[in-house]
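Some comments on the model follow, as numbered points. Please read them with the structure open.

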Amino acid sequence: MNARLPDEAAYLAEFGIVLSSRVRLARNLRGLPFPDKAPAAVLADVRRRTMAAARDALPVQETLADASPLRRQILFEDHLISRNLLEDRPEAALCMNAEHTQAVMINEEDHLRIQALRPGLALREAWTDADALDDVLERQLDYAFSSALGYLTSCPTNVGTGMRASAMMHLPGLVLQNEMEPIANGLGKIGLTVRGRWGEGTAALGHMFQVSNQLTLGVAEERILADLEEIVKEIAGHERNARERLKRERTAFAEDLAARAEGLLTAARLMTTQEALERLSELRLGIALGFTKGIALAQVDRLLLDVQPAHLQAAVGRTLNGEERDAARAERLRNELGRRPARRIGKRTT
Amino acid sequence: MLCQNCHKNEATVHLTQIVDGKAEKFHLCEECAAQKGIDVSGGPMDLGGMMEKLKDQLAHLKEDLEKPRPAPGPAACPVCGMTRTEILKKGRLGCDRCYDVFAAEMLPVVVSLQHGDQHLGKVPKRSSLRLKSSVEAARLRRELDKAVAGENYELAAKLRDQIKALPRDEGGTP
């Protein structure tokens, strides 16, 4: 037990607020219509050429037309494809590295959407990965580019660097202290956006937010990343303060929230995705505040993914209807969080 | 965001005008706003009179902003067949050529959504030397402006030399 503590403290310090960093680059091939306007034959050519160019760097390749709806849903929940690609889009495909941390979506809104993911706050590292991958692809692909407008994209909001960098942040303190809205409004004024990870606006499901740059033209990648990183650090600082105040000034409320979440997660027989994400967020906060003992933050983070519909069904090995899913989800949560005999010894009196 | 009028200073005056039920935004620096007679001092308000004045100023401003735009190009893109109406409706372009074909109407929109009108980021490694130089020159010119504004003439001279040293003509890989 004691051996775990330093690990847990390190994990909390590193991923407690910023879970991951992501950089995506929009690219198109010169002289060809963008996917929305291109005939299937052109898109097939784009797909073949891009898959060939990516073969060594991203050897895990699949065409989405061949993927089952469940497989697509898993890729979507893993953030590897966009919502658009859940539907049939002609000649859409995905190439990934073995770790699924680098990928290129083919024939989404743009011919190529390159992306790189890093755990924790590591925007520059994610950019370095995406930049290198872009260089590899560019050796065989001729991009649409203009000296004034940079990389040309289907939507003019992406033109220039074509880069969208984002940090995934868990901000329960700011939400519970009613401080999220002014922050979200302020970000808009400096060219950044904040969106819910699983829902819109400041009432984001599970207090999970994505903070990203909005502007892509007239500013270099390094500058966008440095500005975003600075703001993410600032928001993380506000979140730490909000959590401290929550613990100090609303102790009973915060402790009750975490305990109720743990109670439901370890006892419920049916649980929807929404409820699971909400209770897991409260449990995550409880762990960070030191109220919830014996559950590792990494376990909760794993569950945030595992409780989602497609991951759940893949684990069970068959498609489930709504109530079956809720039952399987509740069981998965009870199994993971409910039986912790080794960790409970000497830790609890109740 | 840069001023829509001079494209030099940071836009600090943001106005919204409703035309035919659609909101149009203008972003100006204080200097240009003052030149156009827009009061940014925030003194005591005479709402009725102010609205009249503002309407009048915005009408002029809109004319001014529209003046330097080149004449609209053809109705459809020769590569992808995208029409102007379709672009306005979807907010998307059909191909890279659309950016040239519809430059007259697209560029002001793009710039109003963005931080500036010149790409300052990555350039494809395989692009021509001329292309690389032109983006690099834009980046250096921006630094030069800053150096001059900050009266850092030593740095400014260095930057000027760097700009001069950039290759001007096609000489690299095609």
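1. A term is needed for the helix pair below: axes are lines fitted to C-alpha atoms, for helices over the stretch in contact, and angles run from 0 to 180 degrees between N-to-C directions. Note also that this is a predicted model.

2. In chain A, helix H8 (residues 251-267) packs with helix H9 (residues 273-289) at an angle of about 130 degrees, and their axes are 8 Å apart.

3. Chain A as a whole contains 13 helices and 10 strands. Its radius of gyration is 22 Å, close to the 20 Å that the globule rule gives for 350 residues, so chain A is as compact as a globular protein of that length. The C-alpha trace spans about 70 × 45 × 35 Å along its principal axes.

4. Of the 350 residues in chain A, 47% count as buried. Among contacts between residues at least 6 apart in sequence, 67% join residues at least 24 apart.

5. Between the chains, 34 residues of chain A are in contact with 30 residues of chain B. Helix H4 (123-138) and strand E6 (145-146) are the elements of chain A that give two or more residues to this side. By class, the chain A side has 16 nonpolar, 12 polar and six charged residues.

Key
Residues are numbered from 1 along each chain as its sequence is written. Chains are lettered from A and ligands numbered from 1 in the order in which they are written. This is a predicted model: local features need pLDDT of at least 70, side-chain atom pairs count only at pLDDT 80 or more; totals for chains, interfaces and linings use all residues. Two residues are in contact if their C-beta atoms, placed from the backbone, lie within 7 Å. Helices (H or I, at least four residues) and strands (E, at least two) are DSSP runs, numbered from the N terminus. Ala, Val, Leu, Ile, Met, Phe, Trp, Tyr, Cys and Pro count as nonpolar, Asp, Glu, Lys and Arg as charged, and the others, Gly among them, as polar. The radius of gyration is taken over C-alpha atoms; the globule rule is 2.2 Å times the number of residues to the power 0.38. A residue is buried if 20 or more other C-beta atoms lie within 10 Å of its own, exposed if 12 or fewer, and partly exposed in between; C-beta atoms are placed from the backbone.
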